[in-house]
Amino acid sequence: QLAGHIALRRGSRKSQLQTFREAVDSLKAGNNLVTFPEGTRSPTGVLRSFKNGPFKMAASAGVPVVPVSVVRTGWAMPVAALLPIRPAWGVKVVIHDPIDPSEVPADEIVGRTRAAINSGLPTWMRSES
């Protein structure tokens with residue numbers, strides 16, 4: 001593992017299950033975990049639908065989800081780029097209040113997280129769903 005990264009091979013169900021177990025164990029050990037619930041970068045910058053995995057990990061580990069809005073990274077690193085192609089000028093990061101899965105019904109965690117992230121984005125990046 002490089003610097004504690006937990007790798008995922010998207011096409012492999014076995015890798016997905018192993019990643020889930022490793023992530024939950026890491027969270028239970030007190031580590032922080034950064035995930036991008038969309039699963040991929042948006043070609044337009046508009047917020048896309050979320051995968052459920054990161055939220056299931058947090059609920060299984062009994063740890064809060066901390067929504068983070070990240071603005072203007074697509075300009076520096078477009079979808080097709082493997083590395084940034086421009087300086088990351090004007091990037092904005094908004095850290096929202098934690099959402100505790102023990103206080104929120106499981107079926108509402110994704111929606112509340114999405115609403116929080118959406119609220120920190122400029123209008124042109126917001127998703128309507």
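Phenylalanine 55 touches Pro37, Phe50, Val65, Ile109, Val110 and Thr113, leaving aside residues up to four places away in sequence; a contact here means heavy atoms within 4.5 Å. This is a predicted model, where local features need pLDDT of at least 70, side-chain atom pairs count only at pLDDT 80 or more, and totals for chains, interfaces and linings use all residues. Residues are numbered from 1 along each chain as its sequence is written, and side-chain values use heavy atoms, with hydrogens and water left out.

**The core around Phe55**

- Phe55 turns up again in the largest nonpolar core, which has 19 residues; Phe50, Phe55 and Leu121 have the most contacts inside it.
- Three helices, α1 (13-28), α2 (53-61) and α3 (106-119), each supply at least two residues of this core.
- Of the contributors, α2 gives the most, with four residues.
- A quick word on terms: a nonpolar core is a set of buried Ala, Val, Leu, Ile, Met, Phe, Trp, Tyr and Cys residues joined through side-chain atoms within 4.5 Å.
- Buried means under 20% relative accessible area, exposed means over 50%, and partly exposed is in between (1.4 Å probe, protein chains only).
- Helices (H or I, at least four residues) and strands (E, at least two) are DSSP runs, numbered from the N terminus.
- As background, nonpolar side chains tend to be buried together in soluble globular proteins.

**Helix α2**

- Pro54, Phe55, Met57, Ala58 and Ala61 are the ones buried in α2.
- Look down the axis of α2 and its buried residues fall within an arc of 155 degrees, so they line one face of the helix; the arc is taken from the directions from the helix axis to the C-beta atoms.
- The cover over the buried residues of α2 includes α1 and α3.
- After α2 comes glycine 62, which has a positive phi, near 70 degrees.

**Helix α3**

- Threonine 113 sits in helix α3 and is buried, at a relative accessible area of 2%.
- Beyond residues up to four places away in sequence, threonine 113 touches Phe50, Phe55, Val65, Pro67 and Ile99.
- Arginine 112 and glutamate 108 join their side chains in a salt bridge (3.0 Å, N to O); the rule asks for a side-chain nitrogen of Lys or Arg within 4 Å of a carboxyl oxygen of Asp or Glu.
- By that rule the count is one salt bridge.
- Both arginine 112 and glutamate 108 lie in helix α3, four residues apart, about one turn of the helix.
- Arginine 112 counts as partly exposed because its relative accessibility is 42%, and glutamate 108 does too, at 32%.

**The segment after α3**

- Arginine 126 lies in the segment after α3 and is partly exposed, with a relative accessible area of 38%.
- The C-alpha atoms of arginine 126 and leucine 47 are 5.7 Å apart, although 79 residues separate the two along the chain.
- Val46, Asn118, Ser119 and Leu121 are touched by arginine 126, not counting residues up to four places away in sequence.

- Val66, Val68, Val70, Val91, Val93 and Ile95 make a nonpolar surface patch of about 470 Å².
- Patch residues have over 30% relative accessible area and no salt bridge, with like charges joined within 9 Å and nonpolar side chains (Val, Leu, Ile, Met, Phe, Trp, Tyr) within 5 Å.
- Strands β1 (68-71) and β2 (92-95) each supply at least two residues of the patch.
- Isoleucine 95 is in strand β2 and is exposed, with a relative accessible area of 64%.

Key. Accessible areas come from the Shrake-Rupley method with a 1.4 Å probe; for residues, only the protein chains shown count as cover.
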